[in-house]
Structures are given as structure tokens and as C-alpha cells.
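Hello,

Here is the structure I said I would pass on. Please have a look at it before reading my notes below.

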Amino acid sequence: SHYLTEFEEQTVKSKAIFQKAKEIMPGGVTANIKSFVPYPIFMQKGKGAYLYDLDGNEYIDYLLSYGALMLGHGHTDIIQAVQKQLEDDGTLLFGTPHHLELEMGEKIKTLYPSMERIRYTNSGTEATLLAIRLAYAYTGKTKIAKFEGHYHGGYDQVLLSINPSLEEAGHPHAPKSVVESKGVDPYHEEHTIILPFNDLEHTSQLLTKYKEEIAAVILEPVQGGFIPAEPAFMHGLRKITEELGIVLIFDEVKTGFRLGLCGAQGLYNVKPDLTALGKVVGGGFPVGIVGGKEEIMMTSAPAASSDVFDSSQSRKSSAKDVLFHSGTYNGHPTVLAAGLATIKVLEQEMEQVLQRTEKLKAGLEILFAQRGIPMQAIGAGTIFNVVLTEKQVRNYRDLQQADFATRKELDFRLLAKGIYTKPLNRYNLSTVHGDKEINLTLEAFDTVLSQMTK
Ligand code: PLP
């Protein structure tokens, strides 16, 4: 039978409501990534490791809101912390400095010592955006460099060469800057240099060539959350950026509190100049944190400028002296309370999530090997991907050789068996993905692989 039949039979309510959603939102979704063909599943409820859709189907959730939900759905510690914050503080929002900004800040500085000073934002996107602006301000240079296949948020400076077609992507040693969206200012094709991941020789060549212009190199220490930087590459990148006077930005929006409590910088023992955090640290609420070297971060301090920007008053000094950073909801107390509760649980349970992830990866590799299907459960920390190839995968180009058509069939068959991730997406684990869920997942894969190979 066609692999979509079972999926479509089980999700009739999602199919129907999707028609209505398209009358409300372009494509029926409010983030393009949430869409898939024939239609996305509309969820009704979450509990622990499980999601429940409109048709009443139960799924073990491995999307976990793109990794944000490290304690699963509706963890009582988070809900209690949020309720307590609301009762104790009596407000949803102060609009002034407040105690939780310090409490979270101290926690972050302990776990991420490179983050000597921090600022809060409302998303990972805003965190990397501010990190890049800090680097521009600090160095006075006008270009940045990012790696092919790496995602840092949805704005012009980094919306380049995330998922380029191989026809457009240029030579693997010097990838071309390929715009990922309509409406991006072509200026950025010239001002964002694209680097080859895990290729220290050619990365160094490009950085050296443009060293006078490149303010910062930004990277995902683990590309897409699952292709790790090789240690020698990581240490080499730190060394060369330091030598060339280029700010090194770790985008730890995915790896923070997922690769380990102390993120990639803890695991690799490499100290970036700036770090962007997000996702897990908000406990399911919108969040971002930027931090780094005091000297760089102080560029954003009002005391470093001769004025504080206030749109209701005329300026006394030049705007050029001020690095602008603001946001009505920055450091939102409810978000920080949820984030602190999350970290507290992770301090006890992180190790177990890491172990269970390894157990699931190993179990899956055995199931595929038993049927002679080339598959690697590639990942690091608590995220992995199911990559159908026997070739070594070290970067974006290698990944393109995987068998995505079979993977897609596998994913839709798994959806029909109650295993949720968005088709072709990664697998994230949480503290509430226990041995029971791991075993159920392996059973579902076993069933589906039998269907596909009979
Ligand atoms: N950076 C990385 C590595 C991410 O994975 C993401 C989100 O998926 C972002 C930045 C953007 O974060 P947000 O979606 O919170 O804006």
C-alpha cells in the first residue's frame, strides 16, 4: 500500500482543519518550517513525552518544539515555578530591572563562564542578531562569515546558504553565498562570507583573505544539532579567529543545555568571544540570551555611550556612540522562572537523558543493520538524526548524499505508528523520555522497517 494511506486515514481532522487554516494563514501555518505535504498534523494536547492530535492519536514526541522542551510537556516543576513567580511578584511584566534577571544571570555565568556579561532577548534569532551587531560595533568591520548549512535565525545577514541547491552552492572549498528567501537585501550576499564546515584549511584561507573585513565568524558548534564540529577543527577555528582579530560567536541556541549542561563550549573546552543561547533556557517560553567577553559586551552598556537613547527626547550626542539594544519583553520574569526551574531539573537528570539518547541511537542502528539498510544515527548530546547513508557525514555537502526519499517514507509510516517528528527532522529527547518510550520507539521502527522491506 502507498505509505501515506495509513497516515491519511488516521488524521482526517487535521486534513479538514488545514483547509480552514489556509484561509487564515498563508500556507495554513505561522512558520514555514511547520508545514509539510500533504498537510501538517494539528495537535490538541501534550503530556510528558506525548503529544495528542485532533483525531485522538497519541505520539511519542521527538520534535519537542524543535528541541525547546527539554523536560517534555507540562512538567510540574515548570508550572509550579511559573505559578509561584506570578503569585510572589504579582505581575507578568515589570518593565524595570528585577531579581530574576540576576538569578538567571548568575546561573548562566556559572555554567557558561565565557559569558562574563549577558543580555536577554526574546528568541534565538534576536540573540544571534545582537551578537553580530556587538561584533560589528566592537571591531568596526563590515562583513561576517557563517558556515554552509548553518541556521542562526530568520534575518537578512544570516539567511544565506542554509539549504542551497548544489547547482547554486559553488565549489565545496569556497561555497557561494546563496540567498534563502525572497526579499533579502542582495547587499548581504556580498557581506556574508560562506565557509566550509569541518574544513579548517579552506576556512582559514577564506578568513585570512577577508580578515580586514570580517567582524565575526558565527557557527553552530553542532550543525543542525547533529553534525558535530570535529575537535581539531573547533580548536583550530578558535586559534585562527584569535590571531586574525575576528570575534568568534557560538550559536548555542540548540546545543545549550542539550549537548550537556554547559553546551558545546563545556564539552569542547573552547572559549568563544560571544555566545547565543535560547530554546531550553526558556523552559518552553520565548527566550534568547547573549553573552560573552566583558570588553565586547560593554559596547552595549549605556555608560559606554554618552547618552541613553530615548525616542521621546532629542539626542545630545551622536547615535554612532550607542549600540542599540532594547525590547519590551527582554528578561521576562515568567520566562526566566520557567528557565530556572528547567535548569534545576537538568542539573539532576541531564546525564540520564544523554545515556538514553545513546541507547536509542544504538538500538536504531542495530535495527537498520539487521535489514542491510545503510543508516547512521548521527548526533551529539540529546539530539540525533536518522541519516540514510554509509558515507561519513561531516558537513552540508556530505548530507546531500543521504537517501531522503526513503527517510520520508519511513517518517510517514512512523507517524502512523505514533512516533512524532516532523518528516525529515531530527530527534530530540527529554528527561521524560524513559526506557518505556525508548522501547516503544524501537518497536515502532522495527514494525515499519518490516513493512518497508517485505
Ligand atoms: N540558532 C539556532 C542554532 C537554531 O536552531 C535556532 C532555531 O531553530 C535559532 C538560532 C533561532 O531561534 P528562534 O527560533 O528562537 O528565533
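Serine 161 sits in the loop that runs between strand 5 (143-147) and strand 6 (170-171). The model is a predicted one. Serine 161 is not a glycine, yet its phi is positive, at about 50 degrees. Most residues other than glycine have a negative phi. Is serine 161 buried or exposed? Serine 161 is buried, because 26 other C-beta atoms lie within 10 Å, and 20 or more are enough for that label.

Phenylalanine 257 also has a positive phi, about 60 degrees, without being a glycine. Phenylalanine 257 belongs to the loop between strand 12 (247-251) and helix 9 (263-268). Phenylalanine 257 counts as buried because it has 26 C-beta neighbours inside 10 Å.

Next, the backbone at a proline. The peptide bond between valine 37 and proline 38 is cis, with omega about 5 degrees. Most peptide bonds are trans. Proline 38 is placed in the loop between helix 2 (12-24) and strand 1 (43-47).

Last, the ligand. How many residues surround the ligand? There are 13, and the closest are Ser123, Gly124, Thr125, Gly153 and Val253. By type, the shell around the ligand holds seven polar residues, three nonpolar and three charged. Which helix gives the most to this shell? Helix 5 (residues 124-139) does, with three residues.

Regards

Methods
Residues numbered from 1 in each chain as written. Predicted model: local features only at pLDDT ≥ 70, side-chain atom pairs only at ≥ 80, totals over all residues. Near = placed C-beta within 6 Å. Helix = DSSP H or I, 4+ residues; strand = E, 2+ residues; numbered from the N terminus. Nonpolar A, V, L, I, M, F, W, Y, C, P; charged D, E, K, R; others polar. Buried ≥ 20, exposed ≤ 12 C-beta atoms within 10 Å, placed from the backbone.
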